[in-house]
Amino acid sequence: MSIKKFPFLAACRCEKTEYTPIWLMRQAGRYMKEYREIRKKYSFLTACKTPELAVEITLQPIQKINLDAAIIFADILLPLEGMGIEIFFPENKSPEIKKRVKNLEDIKNLKIFEPEDDLHFTIEAIKILKRELSGKLPIIGFSGAPFTLVSYLVEGGHSRNYINTKSLMYNDRRAWDMLLDKVSQVIIKYLNAQINAGVQVVQIFDSWVGCLCKHDYKEFVLPFSKKVIQNLKPNVPVIHFGVNNSTLLELMREAGGDVIGVDWRIDLNEAWRRIGFDRAIQGNMDPAKLFAPVSVIEKNVEKILKAAYGRTGHIFNLGHGILPETPLDHVIALVDAVHNLSQK
């Protein structure tokens, strides 16, 4: 199949497709037995940093589920290691940064690196995956967005209220802008390196952006997300995704992206209307609904497809990643329902 005929890529460009394409965030992960078997032998970071393992994990869901795209197995925080930050991934817990960024001096010490050197394992994994797929599916590359990566740096891990991040944002604008600019430069280099290696779409994950009000996003974050998107290689669709972002949709559109990803907290049609129907949209089933009976999953698929009104440019996805305890047969049923119920 030629690149132009992939339904996923066509939907990214708001072109007509025979059915609604679907891929899933965290589609390679703990809900799959094969992944759990690998993790018994290797740590998470080892799996990310060993290209052959990363490719094997990436292909696991592709071999069992009729998905419309493969997303390279990696983690949004990997670019921070290249900047000189040590990251820990405790088993079944959120990542931790022991020495968080606190002041201007810490920010000055962060490195801007070349991804082909410091993240060579992910770049090599993409090249191997491209050969393995032999044009059968498009490949998605990704990175965390500037705000989300900066929040990890400043908080040292997951946060409930982002006090450290917002304190830096409000109290030291010079330090804030320097930190966001450095991280943005790294993201641009990293995503462009992934594109050079063979990915056909990139997704920017702004997983923590929902903690911001509209004014703060516009003043402190939007310029940097916009800078990243505007400096990516042309003709490669960009998916701009945020969690709990329903108050920010118009501003995320302004920041950029060919596709705006939305979570389950807003009706798809309302979100699309606010974003504008000239952009594609990705979403937006609640991941927890995959624990419901298959008949309920199918009803929810039908509801979301109806909210899309058959418009071009809809990519079906969960509103966030697949939960680890999700039954595999329910994931298969979801994908089959999307394809069958959306046949044009």
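This is a predicted model: local features need pLDDT of at least 70, side-chain atom pairs count only at pLDDT 80 or more; totals for chains, interfaces and linings use all residues.

Modeller: Residues are numbered from 1 along each chain as its sequence is written, and side-chain values use heavy atoms, with hydrogens and water left out.

Colleague: What is the order of the strands in the open sheet?

Modeller: Strands are DSSP runs of E with at least two residues, numbered from the N terminus, and two strands pair if DSSP finds at least two bridges between them. The edge strands, each pairing on one side only, are β1 (70-71) and β9 (314-315). With parallel pairing, the seven strands follow the order β1-β4-β5-β6-β7-β8-β9.

Colleague: Which residue of β6 is the bridge partner of D206?

Modeller: Strand β5 (residues 201-206) runs parallel to β6 and is joined to it by five bridges. In β6 (residues 238-242), five of five residues are buried, meaning under 20% relative accessible area with a 1.4 Å probe, protein chains only. V238, H240 and G242 point one way, I239 and F241 the other, and the bridge partner of D206 is G242.

Colleague: Which helix do the buried residues of α16 pack against?

Modeller: Helix α16 (residues 328-341), a DSSP run of H or I with at least four residues, reaches 20 Å from its first C-alpha to its last, close to the 20 Å expected at 1.5 Å a residue, where the expected span is 1.5 Å times one less than the number of residues. Its buried residues include H330, L334 and V338, and the buried residues of α16 pack against α15 (294-308).

Colleague: Which residue with a positive phi follows α9?

Modeller: In helix α9 (residues 146-155), 10 of 10 residues are buried, among them Y152 and E155. The residue that follows α9 has a phi near 85°, and it is G156.

Colleague: How many nonpolar residues are in the lining of the largest pocket?

Modeller: Of the 42 residues that line this pocket, the closest to its centre are R26, D75, P95, Y152 and H320. Counting Ala, Val, Leu, Ile, Met, Phe, Trp, Tyr, Cys and Pro as nonpolar, Asp, Glu, Lys and Arg as charged, and the others, Gly among them, as polar, the lining has 10 polar and eight charged residues, and its nonpolar residues number 24.

Notes: On a 1 Å grid over the protein atoms alone, a cavity is a set of points where a 1.4 Å probe fits but cannot get out, and a pocket is an open set with protein on both sides within 12 Å along at least five of seven lines; lining residues have an atom within 4 Å of a point. Buried means under 20% relative accessible area, exposed over 50%, partly exposed in between (1.4 Å probe, protein chains only). Contact means heavy atoms within 4.5 Å.
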